[in-house]
Each structure stands twice: as C-alpha cells, then as structure tokens.
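Biologist: I've got this one open on my screen and would like a guided tour. Could you take my questions as they come?

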Amino acid sequence: MKTWLDAWPVFRQLTGNDPLGRGTAARSKATEQVVSRTATADHVAKSVCPFCAVGCAQKVYVEDGRITQIEGDPDSPVNRGRLCPKGAASKQLVTSPTRVTKVRYRRPYGTEWEDLELDTAMEMIADRVLEARRKGWQEEDGPPGNRHRVNRTMGIASLGGATLDNEENYLMKKLYSAMGAIQIENQARI
Ligand code: SF4
C-alpha cells in the first residue's frame with residue numbers, strides 16, 4: 001500500500017528497485033505528464049543547419065504547420081544526431097517573437113525606425129545600388145603609361161552572413177560579379 005512517503009524521491013530510491021535514483025525513483029507526477037514535442041509532430045522534414053560550414057543535418061518537427069522542435073539527425077555521418085548550441089537554437093530563427101518580419105528603415109539623421117512596404121524598399125535599394133555602382137566605377141587601373149582595363153566598381157561590397165546557404169551564396173556571387181563588384185566575402189569562415 002502506498003503511503004505519503006512514496007511521494008518522496010529519496011524514500012523511493014532507498015526502498016525501491018532504483019537505487020541510483022536515475023529512473024522511477026526520480027520521476028515526479030509532473031514528469032509523467034510531460035510529452036516530448038517530437039511525439040506529437042505530424043510531419044518531420046530533413047534539413048541542414050544554416051549557421052556554419054559544418055553542415056549538420058537536422059530533423060525539423062512540424063505540427064499544424066508550425067515548427068515545434070529541431071534536433072540533430074542521427075542518420076547524418078556529419079553530426080550523428082548532435083547539434084551545437086547554435087544549431088539547437090535554430091528553431092528561433094522561425095519562431096522567435098522578436099523575429100523581424102517587416103522592412104525596417106531609419107532615414108539619414110533619423111532617430112526612429114519606421115516600417116516600409118517591401119516594394120518601396122526594393123526600389124530604394126535598386127536606386128542606391130545603381131548610384132553606388134556608377135560612382136565607384138573604374139574602367140582602368142595602374143600607373144600612367146601602364147594602365148590596364150579592369151571594368152569594375154569599388155562602390156559595392158558584400159559581406160554575407162552565416163545563415164546563407166550554398167545556393168544563396170552562389171547566386172549572390174553571380175549577381176555581384178555581374179555588377180562589377182570585386183569585394184565579395186562571407187562571414188562563415190569559422
Ligand atoms: S552551427 Fe553548429 S549545428 Fe549548425 S552546422 Fe555549425 S556546428 Fe553544426
């Protein structure tokens with residue numbers, strides 16, 4: 001018969017069949033009611049962590065169209081089910097309440113951020129890119145008498161972020177090179 005002592009983990013550990021207190025002795029009622037987020041998922045998508053060049057494989061658990069958990073994929077020879085703290089927190093890239101979902105703009109000398117329509121922002125970016133390209137354009141380089149043609153712009157540089165994937169980096173390199181930029185880098189060299 002169970003007594004009030006059975007609610008005490010140390011009692012269960014000393015009198016039950018879990019002498020190391022790593023199983024049933026340590027389980028509380030609250031623990032019994034906990035259900036893993038992976039257990040209720042209705043879909044699991046395989047993906048790759050976007051944060052660095054290691055390329056750890058991930059399992060993305062989805063429930064009712066929303067990501068509920070991201071874990072390392074045990075099938076991957078790269079990470080064998082593990083993720084570092086950045087990869088383990090990558091769910092927040094999508095679900096964080098602090099995620100910015102609108103275009104934010106602070107005008108020159110402005111002190112406040114304002115929302116912009118995406119179309120407006122794209123037009124502004126295009127105007128600035130064209131102007132920077134034109135202003136920084138170099139047709140030739142070298143000392144007088146030894147000039148050679150370069151046809152490049154020094155007005156545009158790109159520093160990509162670690163969350164860009166291979167395909168995005170490929171397209172960015174093509175785009176910037178086509179515009180004549182030569183200063184093209186990516187931060188993900190860790
Ligand atoms: S950030 Fe971490 S989890 Fe993501 S690919 Fe790199 S090592 Fe793997």
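Biologist: Over how many bridges do β1 and strand β2 pair?

Modeller: First, this is a predicted model, where local features need pLDDT of at least 70 and side-chain atom pairs count only at pLDDT 80 or more, while totals for chains, interfaces and linings use all residues. Residues are numbered from 1 along each chain as its sequence is written, and side-chain values use heavy atoms, with hydrogens and water left out. Strands (E, at least two residues) and helices (H or I, at least four) are DSSP runs numbered from the N terminus, and two strands pair if DSSP finds at least two bridges between them. β2 covers residues 57-63, and its antiparallel pairing with β1 runs over 6 bridges.

Biologist: In β2, which residue is the bridge partner of Ala-45?

Modeller: The sheet here is open, with 3 strands in the order β1-β2-β3 and antiparallel pairing. β1 (43-48) and β3 (66-72) have a single partner strand each, so one side of each is left without a neighbour in the sheet. Across in β2, Ala-45 has as its bridge partner Val-60.

Biologist: How confident is the predictor, and which element has the highest mean pLDDT?

Modeller: pLDDT is the predictor's confidence in each residue, from 0 to 100. The chain's mean is 92, and 98% of its residues reach 70 or more. Among the elements, helix α2 (residues 29-33) has the lowest mean, 88, and the highest, 97, belongs to α5.

Biologist: What is the class make-up of the shell around the ligand?

Modeller: A residue is near a molecule if one of its heavy atoms lies within 4 Å of it. Around the ligand you'll find Cys-49, Phe-51, Cys-52, Val-54, Gly-55, Cys-56, Leu-83, Cys-84, Lys-86 and Gly-87. Ala, Val, Leu, Ile, Met, Phe, Trp, Tyr, Cys and Pro count as nonpolar, Asp, Glu, Lys and Arg as charged, and the others, Gly among them, as polar. That makes the shell 7 nonpolar, 2 polar and 1 charged residues.

Biologist: At about what angle to β8 does helix α6 run?

Modeller: α6 (residues 166-179) lies across β6, β7 and β8, strands that form an open sheet in the order β6-β7-β8 with mixed pairing. Axes are lines fitted to C-alpha atoms, for helices over the stretch in contact (heavy atoms within 4.5 Å), and angles run from 0 to 180 degrees between N-to-C directions. Relative to β8, the α6 angle is about 160 degrees.

Biologist: Is Ser-158 buried or exposed?

Modeller: Ser-158 sits in strand β7. Leaving out residues up to four places away in sequence, Ser-158 touches Met-172, Tyr-176, Gln-183, Ile-184 and Glu-185. Buried means under 20% relative accessible area, exposed over 50% and partly exposed in between (1.4 Å probe, protein chains only). At 10% relative accessibility, Ser-158 counts as buried.

Biologist: What is the relative accessible area of Tyr-109?

Modeller: Tyr-109 is in the loop between β4 (103-105) and β5 (114-116). Tyr-109 has a positive phi of about 70 degrees, although it is not a glycine. Tyr-109 is exposed, with a relative accessible area of 86%.

Biologist: And Asn-151, at 36% relative accessibility: what does that count as?

Modeller: Asn-151 belongs to strand β7. Its phi is positive too, near 45 degrees, in a residue other than glycine. By relative accessibility, Asn-151 counts as partly exposed.
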